[in-house]
Amino acid sequence: ILPVVIVFIVCIIQIYTLTRPNSPARETYKHVTITILVISVLFVVCNSMLSLLVILPFFYMHFFMTEEQVTDFNESGFFHWVGPVCGTLFPLLNGAFNPVIIVYRCRELRGIFRSRMRRISGMMGDVSLATRE
C-alpha cells in the first residue's frame, strides 16, 4: 500500500503543477507530465484494486456476518483464489498498458510503431499470397 500512497501523492503534486497559473512546467513539460500522470494513475488503480479486493471482504466478513456465515464464506474458497488471481491479473494489466500509453503519447514512437506494423502486415500479405499458389 505504501507505493500506492506515494504515487498518489505524486499525482496530486503533478495535477497541482499542471493547473497552477504561470507555471514554467505548464508549457514546457505539459505533455510529459500528463503522460507520467496517466501512467501513475494506472499504477494506483491496478495496485489499489488488489488491496481493495482482499481487504474489503475481510472487513465485511468480520463486521457484518455471523459466525456461521463466516465459516461458510471461508469454506467457499474465495480468499484462496482472489489473491493469486488478482495478484497476477492487475500487475499484468499495469505492465501491459504502460507500453501502450507510452507509444500512444509519443509521436516519434507512434510513427515507428506504425511503420513496423505496416512492414509486418506487408510480410503477412506476402506469406498469404505464397500459400495460395
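Select helices α3 and α4 to begin: their crossing is left-handed, a term that applies when the near helix is turned anticlockwise from the far one by less than a right angle, clockwise being right-handed. This is a predicted model in which local features need pLDDT of at least 70 and side-chain atom pairs count only at pLDDT 80 or more, while totals for chains, interfaces and linings use all residues. Residues are numbered from 1 along each chain as its sequence is written, and side-chain values use heavy atoms, with hydrogens and water left out.

**α3 and α4**

Keep α3 (residues 30-64) and α4 (residues 67-75) in view; they pack at an angle of about 155°, with their axes 9 Å apart. Axes here are lines fitted to C-alpha atoms, for helices over the stretch in contact, and angles run from 0 to 180 degrees between N-to-C directions. The angle therefore makes α3 roughly antiparallel to α4; the class covers angles over 145 degrees, with under 35 roughly parallel, 65 to 115 roughly perpendicular and the rest oblique. Next, show the side chains of Pro57, Met61 and Phe64 in α3, which meet Gln69, Val70, Phe73 and Asn74 in α4, contact meaning heavy atoms within 4.5 Å. These residues divide into five nonpolar, two polar and no charged. Ala, Val, Leu, Ile, Met, Phe, Trp, Tyr, Cys and Pro count as nonpolar, Asp, Glu, Lys and Arg as charged, and the others, Gly among them, as polar.

**α1 and α3**

Move to α1 (residues 2-19), whose axis comes within 9 Å of that of α3 and crosses it at roughly 150°. The two helices are therefore roughly antiparallel to each other, and their crossing is left-handed. On the α1 side, select residues including Val4, Phe8, Cys11 and Leu18; the α3 residues that α1 meets include Ile34, Leu37, Val41 and Val44. This contact comprises 13 nonpolar, five polar and one charged residues.

**α3 and α5**

Now select α5 (residues 78-105), which packs against α3 at an angle of about 170°, the axes being 10 Å apart. That angle makes α3 roughly antiparallel to α5. Their contact contains 22 nonpolar, seven polar and one charged residues.

**The whole protein**

Finally, display the entire chain. Its secondary structure comes to six helices and zero strands, where helices (H or I, at least four residues) and strands (E, at least two) are DSSP runs numbered from the N terminus. Buried residues, those under 20% relative accessible area with a 1.4 Å probe and protein chains only, make up 20% of the 133 residues.

Technical notes:
Buried < 20%, exposed > 50% of the residue type's maximum accessible area, 1.4 Å probe, protein only.
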